[in-house]
Amino acid sequence: MILVNGNMLEGALAYLQRGWSVIPIRPGTKKAAGKWREFQKRRPERRELAAWFGNGSRSGLAIVLGEVSGDLVCRDFDDAAGYQAWATEFPDLAKTLPTVATSRGRHVYFRAESLRSQKLPDGEYRANGNYVLLPPSLHPSGVRYTWVVPPPAGDVPLVDPVKTGLLPEASVPPLATSPEQDETAPAKRTVSHLTQRTQRFLRIGAVEGDRNTELFFAACDMAACGIRRPEAERQLLDAYARCQPPYPLEEALPSIASAYSRPRRTVRGADDPWGCYEIPRCIVQRQDITAADKLLWGALDYRQRDKADCYPSISTLARDAGTNRDTAANGIRRLEQAGLLTVQHVRGRVNHYTTHLSEIPTPQAPAADATPVGKSDTKHHGGGVARTDDPRGQGKQDEAPQARPTRAARLLLDNGAGE
């Protein structure tokens, strides 16, 4: 809660802590003091707030609305009558949504999908890129802005402005569509570039001990993909509700807010410096390989993702695992001997690698029915294996290699699921 008559610097720091982009206001006006456009893209640092408000000379502050402030928007009612008409129709929202008393009417704050700012018969709808004054600022008329309904301890509620009467339906322009787009396009955009780990969390949730970690990773990934926070929050909360055992949804919101307050990743390939290696427990608990080997396996698996194989150079692998070329080369040999890696040697070119998981027989995914992950140079025939890539060995029966789970089976094994 922000104290109505609190110190200007204290108020600015409190708003910044909520994830809002704060700017100073020129004394006696409602205009920003100096250049402020950059704060449409980034939030100020604490030292900047100290420089602006530390000497007590400022009489006003404002926040920049939109994505930079967590998709915060403001419904500006020009007069008390317009606000009262809305509050009578939606009394529960009027008691919940943060509301500021202005010199003439009310400012109602909430989070919503980004819509353009627009003039309305009884005020304005202020959205992405606009700024509004907040308590404890002074209006040029001498009236101090005050909180009628203070902000909640957590995130500001996410609402649909049309369904809640805050924006007339006729004022929302129809979305432009192209021949290539259909009703499934938003869903495709949502998941097409997400990592396998994120997609798995959205589909089945997580178990106790991993819930917050998986939620935070998925939120960071969705933010990096450019998925807007309201849509990401909806999907993440749906997934969080499927976690076992169930967990209070309100405890998930701070993790999502933290993920969306971090810098967005611009690189989403195998060289992404923010990428996370996912090393399953069945690999971590192996005693026949070193810790460096396990990290190397994670680096290879990260590069492979959902592809059949990957083909980084030894130097690249050494850099990914934070080691040297000799250690990486020795680790590859040990992983291959342990059955966790298949190496396809290509003359004159870099080797191709396919990662595998340890064999863990379960009733849901029997190891005897599993096949290697990725490209395979074998074809099962009864109890033996016939080579298909060697013309001299066609039809020759060799001893069947140890079967390993498929990547689909790996997901089932990791999550204890199965049919």
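At what angle do helix α11 and helix α13 pack, and how far apart are their axes? Here are some notes on this predicted model, starting with that pair.

1. Helix α11 (residues 291-304) packs against helix α13 (residues 325-337) at about 85 degrees, and their axes are 9 Å apart. Angles of 65 to 115 degrees count as roughly perpendicular, so α11 is roughly perpendicular to α13. On the α11 side the contact is made by Ala-292, Asp-293, Leu-296 and Trp-297, and on the α13 side by Thr-327, Ala-328, Gly-331, Ile-332, Arg-334 and Leu-335. Sorted by class, this contact has 6 nonpolar, 2 polar and 2 charged residues.

2. Next, a sheet worth a look. Its 3 strands are arranged in the order β1-β2-β8, forming an open sheet with antiparallel pairing. β1 (21-24) and β8 (131-134) are the edge strands, each pairing on one side only. From one strand to the next, the twist averages 40 degrees.

3. Within that sheet, β1 pairs with strand β2 (residues 61-64) in the antiparallel sense over 4 bridges. Helix α1 (residues 8-17) lies across β1, β2 and β8, and runs at about 10 degrees to β2. Helix α2 (residues 46-53) also packs on the sheet, where it touches β1 and β2; its direction makes about 25 degrees with that of β1.

4. β10 pairs with strand β11 (residues 352-355) in the antiparallel sense over 4 bridges.

5. Now the aromatics: the whole structure has 10 aromatic pairs. One of them is Phe-77 with Trp-86, a tilted pair with 6.1 Å between the centres and 35 degrees between the planes. Phe-77 counts as buried at 2% relative accessibility, and Trp-86 counts as buried at 4%. Both belong to one aromatic cluster, together with Tyr-83 and Phe-90.

6. Phe-110 and Tyr-125 make another pair: the ring centres are 6.3 Å apart and the planes stand at 50 degrees, so the pair is tilted. This pair links distant parts of the chain, with Phe-110 in strand β5 (residues 106-111) and Tyr-125 in strand β7 (residues 123-126), 15 residues apart. Phe-110 and Tyr-125 are both buried.

How values were computed:
Residues are numbered from 1 along each chain as its sequence is written. This is a predicted model: local features need pLDDT of at least 70, side-chain atom pairs count only at pLDDT 80 or more; totals for chains, interfaces and linings use all residues. Side-chain values use heavy atoms; hydrogens and water are left out. Axes are lines fitted to C-alpha atoms, for helices over the stretch in contact, and angles run from 0 to 180 degrees between N-to-C directions. Helices (H or I, at least four residues) and strands (E, at least two) are DSSP runs, numbered from the N terminus. Angles under 35 degrees count as roughly parallel, over 145 as roughly antiparallel, 65 to 115 as roughly perpendicular and the rest as oblique. Contact means heavy atoms within 4.5 Å. Ala, Val, Leu, Ile, Met, Phe, Trp, Tyr, Cys and Pro count as nonpolar, Asp, Glu, Lys and Arg as charged, and the others, Gly among them, as polar. Two strands pair if DSSP finds at least two bridges between them. Rings of Phe, Tyr and Trp (its six-membered ring) pair if their centres lie within 6.5 Å; planes under 30 degrees apart count as stacked, over 60 as edge-to-face and the rest as tilted. Buried means under 20% relative accessible area, exposed over 50%, partly exposed in between (1.4 Å probe, protein chains only).
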